[in-house]
Amino acid sequence: MIRLVAAEWLKLRTLKSFWICAGTALVLTPAAAALSGRLAAAVLQAVIIVVAAIVPGSEYATGTIRTTLLATPRRIAVMTAKALVVTVVAVVLGAVCLMLAYAVVTPADVRYGTVVGRSAVDIGYCVLVALFAFAVTLAVKHTASGVSLALSAVLLVRLVLMVVSVMFGADTSTALGNL
């Protein structure tokens, strides 16, 4: 299994699109945090959806998935290794970007535990979103379709939760700020 994970990490890190997405996240997440604190997590999740969709989508697009599955016929093991790489990338990218974002918006007198607790929730959400985008892309076998469907579903869930919270009497500014 370690060799499969190493192979999947090698495949991902040799893609230019991965490095473009990582650089975009590192620049846009703190910039979005400077505009609005909660906007940073939304920008980060959009970039993580793209990165997660790239993992299976790039192999299906080029046809190298056939070679991968010929070399390792156990499909469950291959997909588990891919999912593990997606999870680790989402955790690391999320942690770095969110810490940069919190450094931009958080005053020095805020307790360290509050920032760590909030970032742990955001990182966990980024992992869930990444695994969802990964699964959707595996199902449709196309990167652009996977990104579109996953991003649409995530944004639709946010919108529905906002509408439901407003319907039950939450303040609009609070409902928008918490999502």
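The legends below describe close-up views of a predicted model of one protein chain.

Residues are numbered from 1 along each chain as its sequence is written.

**Figure 1. The protein chain has eight helices and zero strands.** Helices (H or I, at least four residues) and strands (E, at least two) are DSSP runs, numbered from the N terminus. The order of elements from the N terminus on is α-α-α-α-α-α-α-α. The chain has 179 residues, of which 37% count as buried; buried means under 20% relative accessible area, exposed means over 50%, and partly exposed lies in between (1.4 Å probe, protein chains only). Of the contacts with a separation of 6 or more, 72% come from residues 24 or more positions apart. Contact means heavy atoms within 4.5 Å.

**Figure 2. The largest nonpolar core contains 33 residues.** A nonpolar core is a set of buried Ala, Val, Leu, Ile, Met, Phe, Trp, Tyr and Cys residues joined through side-chain atoms within 4.5 Å. Leu 12, Leu 44, Ile 48 and Ile 49 touch the most other members. Two or more residues of this core come from each of helix 2 (16-35), helix 3 (39-62), helix 5 (75-105), helix 6 (112-140) and helix 7 (143-167). A second, separate core has seven residues, among them Leu 4, Ile 65, Ala 77 and Ala 81. In soluble globular proteins, nonpolar side chains tend to be buried together.

**Figure 3. Gly 94 lies in helix 5.** Gly 94 is buried, with a relative accessible area of 0%. Not counting residues up to four places away in sequence, Gly 94 touches Leu 44, Ile 48, Val 89 and Ile 123. With the same exclusion, Ile 48 touches Ala 90, Leu 93, Gly 94, Cys 126 and Ala 130. Thr 29 is 65 residues from Gly 94 along the chain, and their C-alpha atoms are separated by 9.6 Å.

**Figure 4. Helix 2 has 20 residues.** From first C-alpha to last, helix 2 reaches 28 Å, close to the 28 Å expected at 1.5 Å a residue; the expected span is 1.5 Å times one less than the number of residues. The buried residues of helix 2 include Phe 18, Cys 21, Thr 29 and Pro 30. Among the elements that cover the buried residues of helix 2 are helix 1 (2-13), helix 3 and helix 5.

**Figure 5. Helix 3 packs against helix 4 (residues 64-71) at an angle of about 105°.** Their axes are 5 Å apart. Axes are lines fitted to C-alpha atoms, for helices over the stretch in contact, and angles run from 0 to 180 degrees between N-to-C directions. Helix 3 is therefore roughly perpendicular to helix 4, a term for angles of 65 to 115 degrees. Glu 59, Tyr 60 and Thr 62 of helix 3 meet Thr 64, Ile 65 and Thr 68 of helix 4.

**Figure 6. Thr 72 and Lys 141 lie in loops.** Thr 72 is in the loop between helix 4 and helix 5, and counts as buried at 17% relative accessibility. Leaving aside neighbours within four places in sequence, Thr 72 is in contact with Leu 4 and Val 78. Lys 141 is in the loop between helix 6 and helix 7, and is partly exposed, with a relative accessible area of 45%. Lys 141 has a positive phi of about 60° although it is not a glycine.

Notes:
This is a predicted model: local features need pLDDT of at least 70, side-chain atom pairs count only at pLDDT 80 or more; totals for chains, interfaces and linings use all residues. Side-chain values use heavy atoms; hydrogens and water are left out. Angles under 35 degrees count as roughly parallel, over 145 as roughly antiparallel, 65 to 115 as roughly perpendicular and the rest as oblique.
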